[in-house]
Amino acid sequence: LTLGNGARLCIVDLAGRENEKTTGCRGQSLAELSYINRSLFHLTSVIQALSRRPSSRSRVPFRDSKLTLLLSECLQSARASVVA
């Protein structure tokens, strides 16, 4: 969402992390659950890299998952980010 003053607001609803053992998922559902959990892990890595980026010029791993690649523009251009 682009506001009149040029500010951008990105709202993303992310699935919660689920434990593979307690959900009892099998087959395709288990594979999807695994992909969701892996993407959330990579999102955590990106946010950690962005939080320390000014002090150390380390690489931000946006290309490690489709989720982080899709969110890269919002995360890179953000002056302030809230993840809840």
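Me: Is the crossing of helix 2 and helix 3 left-handed or right-handed, and by what rule is that decided?

Reply: The crossing of these two helices is right-handed. A crossing takes that name if the near helix is turned clockwise from the far one by less than a right angle, and it is left-handed if the turn is anticlockwise. The model is a predicted one, in which local features need pLDDT of at least 70 and side-chain atom pairs count only at pLDDT 80 or more, while totals for chains, interfaces and linings use all residues. Residues are numbered from 1 along each chain as its sequence is written, and side-chain values use heavy atoms, with hydrogens and water left out.

Me: Why is helix 2 called roughly parallel to helix 3?

Reply: The two helices pack at an angle of about 30°, and their axes are 10 Å apart. Helix 2 is therefore roughly parallel to helix 3: the term applies to angles under 35 degrees, against over 145 for roughly antiparallel, 65 to 115 for roughly perpendicular and oblique for the rest. Axes are lines fitted to C-alpha atoms, for helices over the stretch in contact, and the angle runs from 0 to 180 degrees between N-to-C directions.

Me: Which residues make the contact of helix 2 with helix 3, and how are they classed?

Reply: Helix 2 contributes Ser-39, His-42, Leu-43, Val-46 and Leu-50, and helix 3 contributes Leu-67, Thr-68, Leu-71 and Leu-75. Six of these residues are nonpolar, three are polar and none is charged. Nonpolar covers Ala, Val, Leu, Ile, Met, Phe, Trp, Tyr, Cys and Pro; charged covers Asp, Glu, Lys and Arg; the others, Gly among them, are polar. Contact means heavy atoms within 4.5 Å.

Me: Why is Ser-39 called buried?

Reply: Ser-39 has a relative accessible area of 19%. Buried means under 20% (exposed is over 50%, partly exposed in between, with a 1.4 Å probe and protein chains only), so the value qualifies. Ser-39 lies in helix 2 and, leaving aside neighbours within four places in sequence, is in contact with Ser-65 and Leu-67. Leu-67 is itself one of the buried residues of helix 3 (residues 66-77), and the buried residues of that helix pack against helix 2 (27-52).

Me: How do you know that Cys-10 and Cys-74 form a disulfide?

Reply: Their sulfur atoms are 2.3 Å apart, and the rule asks for a pair of cysteine sulfur atoms within 2.5 Å. By this rule the count comes to one disulfide. The torsion about the S-S bond is about -75°, so the disulfide is left-handed. Cys-10 lies in the segment before helix 1 (20-23) and Cys-74 in helix 3, so the pair ties together parts 64 residues apart in sequence.

Me: What makes Cys-10, Cys-25 and Glu-18 partly exposed?

Reply: Cys-10 has 36% relative accessibility, Cys-25 has a relative accessible area of 23%, and the value for Glu-18 is 38%. Each value falls in the partly exposed class. Glu-18 is placed in the segment before helix 1. Not counting residues up to four places away in sequence, Glu-18 touches Thr-23, Leu-33 and Asn-37.

Me: What makes the pattern of the protein chain α-α-α?

Reply: The chain has three helices and zero strands, which read along the sequence as α-α-α. Helices (H or I, at least four residues) and strands (E, at least two) are DSSP runs, numbered from the N terminus.
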